[in-house]
Amino acid sequence: MTASASVPNERSFSNDVTDPMQNINMFDKVQLTKLLIHTLRELGYDESAIKLQEESGGIQVESSIVQNLLKWIRAGSYHYISFVELAQLPLQNGRLTDDQRMAELVAHYQSFESNDAGYSEAKNSMKIENVITTPINTSRTIDRMSTNLEQFNDAIAQIQTLNLSSINIERIRAVLEISILICRQVFLELIFENKDFHTALILLRGTIRRYTEVWDSIDPKIEGLQDEQQTFAPEIILKDMSSLITCPNESIITGLWPNSLTKSRENLIQTISNYINPNDLVPKGRLLTLLRQAVKYQRSKDVFNFSEQEVSNGIEMEDISASKELNKYNLLQDNTSNFQKIAFENEKTLTQHSDEVWYLQFSPDGRYLASVSADATTDRKIYIYDVQNDFQVYKILSGNSQCILYLSFSPDSKLLVSCPFNAIVNIYSIHAEGEPIDINPESDNKIVAEVIKPIDSFYVLPGKEFKRNRSDSNNSMDGASRDVPSNQNRPQDLMATMESGSPLEPRSRSDSPSRHSINPVRIWCCDWFHTERHSGKFVVGSPDREVAIYDTNSSSVVFCFSQNTVIPSSIALQQNILGSSPISGGNALNNITRRDSTFSNNEIFPRVHDIKISNDDNSLILMTHQGKIDVYDISRLPSNNDNYFDIMAEYEKTIIPLASRLNVEKNMTCISIPKPGSFYDPALDSLLLVNLQSSEIQLWNYRENILIQKYFGQKQEQFIIRSCFGFENKLVASGSEDGKVYIWDRVRGNILGVLKAHVNDKPAQSNGNINSNNNKKNGKNCNTVVWNPADHNMFASGGDDGFIKVWKLVKD
């Protein structure tokens with residue numbers, strides 16, 4: 001290589017080149033230096049951090065008062081943390097001593113501290129070599145906390161007397177919360193390190209409880225400064241600490257104690273840091289947070305980009321599973337991506353249906369795909385396809401003379417519930433034997449499909465009360481004696497057949513329960529409970545103002561909501577309904593009785609068009625026709641019990657409180673919740689997808705009553721179009737009245753794909769389907785999209801052309 005070859009191109013010295021350091025003045029140099037020193041420490045480069053601190057003229061990452069607090073916590077020297085020290089902490093909204101009158105009060109107490117012989121000892125303890133992790137000095141710590149409490153009371157009395165501003169109240173509340181957190185830490189160390197339960201109980205009853213009472217007394221005085229995201233809840237802290245002494249369980253222990261004294265104290269420091277002004281305490285991992293934000297911004301400029309390791313609710317997907325390959329970002333260049341990382345391919349088209357496909361659902365294990373056709377010429381409207389056997393027809397479900405609006409698989413993928421236009425709900429065992437039928441094409445692995453009948457059917461009477469006739473004991477379930485209630489909700493002509501254990505025969509229109517004096521309600525939607533404590537139960541929803549629980553274990557309707565729900569009148573819950581506080585946890589929900597079972601403002605139970613149960617079985621979500629979504633707290637529903645009488649006794653006194661209400665105020669067509677998967681993030685449990693008739697899909701946090709995102713592009717004006725979460729809940733997919741499938745990035749809301757799924761007319765030939773109805777003019781809607789919960793690359797769509805299309809997500 002010649003010498004000239006090593007000379008840089010002259011263009012690199014052009015005046016057009018911008019020096020990045022020209023923008024250094026955009027940032028505070030002291031803050032930048034603090035950030036660098038803090039990051040060097042976090043990376044373990046302590047000597048380099050000290051050198052930079054010296055070279056910068058002694059810039060401190062933490063102020064001296066914050067250093068004191070952190071070192072005392074790390075050393076377990078809680079008896080040195082005085083009210084005087086806490087009052088001088090630099091909080092997010094200033095120091096408590098910023099007010100002259102409060103400063104005078106603190107100075108008064110400080111004079112006592114200075115005369116205390118232990119005060120100089122505390123100062124000496126600030127030497128680095130003396131800061132070691134040690135057990136707490138129990139007696140001195142409890143005395144200090146009691147003294148601090150008295151001084152807090154004096155400060156609050158001063159505020160009340162002088163009528164100080166609400167900002168001072170907010171500051172003293174923050175300092176009080178820090179004190180309660182420190183008290184809790186002392187309590188935990190007494191339990192787990194010292195094994196001193198007696199002293200811990202004294203601390204809890206004599207000191208911590210009084211601290212929380214003081215906190216409660218000042219909280220209502222704050223006007224206009226309440227943080228809607230405020231999560232500090234002294235009553236929960238008290239409850240958890242009491243549970244550790246009276247009835248400890250693994251979940252509470254795991255949540256409170258990390259099995260390490262050092263780790264526990266660091267967790268306390270991290271929590272307290274949220275109260276401290278960042279200028280006086282650099283937040284943990286601050287530089288990494290800034291880098292993540294920069295990468296996210298760079299990648300957001302490519303609207304067609306999508307990666308498996310997107311940031312979701314502040315949690316990297318690689319953090320959820322250690323087995324997943326980490327995504328290393330290049331810090332030395334911009335992290336923009338290639339144009340469109342993923343694509344969608346049509347893998348297979350299923351043509352057995354002869355009429356519009358209205359509903360699809362994969363079984364929870366991903367093995368089966370159930371579909372519903374609108375074919376009015378047959379009662380065999382439901383097909384079940386075997387996903388693992390090339391989507392051959394596995395079963396055909398008969399016994400549905402009316403069009404089906406809804407299907408739902410049981411969590412074990414063995415049962416399927418169908419909800420028609422009429423009042424009869426059918427339950428199928430998909431592995432039951434039936435009549436063989438030749439429908440699958442010839443192949444080496446051809447399976448013989450079977451036509452099966454329901455194993456159970458029922459209807460729901462409106463406004464049902466729970467008056468049971470316990471003199472009858474005609475059924476036996478799982479070896480336990482169970483009665484058949486006098487208002488058992490089945491057609492009378494089926495009762496004898498079902499009790500005898502014989503297969504059910506299809507019901508004709510003349511056998512409809514409408515001939516009864518009280519017409520059963522129509523059932524348009526359903527969903528199963530997910531956890532073991534409610535195994536075998538599901539809910540059904542009706543546009544005739546009813547929701548009911550059906551128990552397959554006893555083959556009976558065990559609970560109806562319309563007469564057993566309440567909107568509590570307490571202020572706390574009224575605020576909750578308006579969206580100012582989270583669902584769980586209010587004391588207002590704990591003492592509701594049947595006497596309170598009335599709706600405010602003369603409300604009646606709503607018409608229900610869609611229904612979902614949260615994955616933890618604690619929330620029931622109702623999509624009503626009034627433009628509202630009601631969320632009920634069902635966490636206190638009776639759990640399964642072998643004794644039927646005991647269960648029903650519990651149901652008879654159960655009242656379900658309305659916990660939250662989303663005011664969507666637009667016509668809705670369906671709702672969806674995330675599905676658990678291999679990398680499921682529990683933070684997603686609060687998400688709710690809502691399809692609107694205004695060609696819009698909304699994503700809500702139903703626990704906090706927050707509208708998170710909107711998705712546009714698809715057409716929805718006249719018909720029910722269904723959507724879903726997909727690809728480990730990182731995508732949103734929906735059908736459309738233009739016959740296409742639309743797919744969005746869940747977080748950013750940008751369209752990642754538009755698939756021409758059902759835009760063509762249905763061919764004239766039946767393509768081997770057994771129920772041809774080709775004289776009907778089909779539309780061009782894509783009615784439904786569902787994602788396989790076991791294969792995150794697979795999804796399916798159904799449309800007016802009668803086709804089911806199976807799709808694959810592939811990477812370019």
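This is a short walk through one protein chain, from the whole down to single residues.

Hi everyone, and thanks for coming. The model is predicted, so local features need pLDDT of at least 70 and side-chain atom pairs count only at pLDDT 80 or more, while totals for chains, interfaces and linings use all residues. Residues are numbered from 1 along each chain as its sequence is written, and side-chain values use heavy atoms, with hydrogens and water left out.

Let's begin with the whole chain. The protein chain holds 17 helices and 35 strands. Here helices (H or I, at least four residues) and strands (E, at least two) are DSSP runs, numbered from the N terminus. Of the 812 residues, 52% count as buried. Buried means under 20% relative accessible area, exposed means over 50%, and partly exposed is in between, with a 1.4 Å probe and protein chains only. The chain exposes about 37600 Å², and carbon and sulfur atoms supply 48% of that. Those areas come from the Shrake-Rupley method with a 1.4 Å probe; for residues, only the protein chains shown count as cover. Now contacts, meaning heavy atoms within 4.5 Å. Among contacts between residues at least 6 apart in sequence, 62% join residues at least 24 apart.

Next, a sheet. In which order do the four strands of this open sheet stand? The order is β3-β35-β34-β33, with antiparallel pairing. Two strands pair if DSSP finds at least two bridges between them. β3 (342–350) and β33 (782–787) are at the edges with a single partner strand each, so one side of each has no neighbour in the sheet. Neighbouring strands here are turned by 25 degrees against each other on average, direction ignored. For such angles, axes are lines fitted to C-alpha atoms, for helices over the stretch in contact, and angles run from 0 to 180 degrees between N-to-C directions. Follow β33 to β34 (residues 794–799): five bridges join these antiparallel strands. One place to look is Trp 787, whose bridge partner in β34 is Phe 795.

Now find strand β10 (residues 425–429). Four of its five residues are buried. β10 pairs with β9 (residues 415–420) in the antiparallel sense over four bridges, and the two form a hairpin with four residues between them. Leu 415 has Ser 429 as its bridge partner in β10. β10 is also joined to β13 (residues 456–458) by three bridges, again antiparallel. There, Asn 426 stands opposite Ser 457.

On to backbone angles. Most residues other than glycine have a negative phi. Glu 665, though not a glycine, has a positive phi of about 60 degrees. You'll find Glu 665 in the loop between β24 (656–663) and β25 (668–672). Ser 695 also has a positive phi, near 55 degrees, and belongs to the loop between β26 (687–692) and β27 (696–701). Buried or exposed: what is Glu 665? Glu 665 counts as exposed because its relative accessibility is 63%. Ser 695, at 18%, counts as buried.

One last stop: Thr 199, in helix α9 (residues 197–218). At 14% relative accessibility, Thr 199 counts as buried. Leaving out residues up to four places away in sequence, Thr 199 touches Thr 138, Ile 142 and Leu 190.

That's the tour, so please go ahead with your questions!
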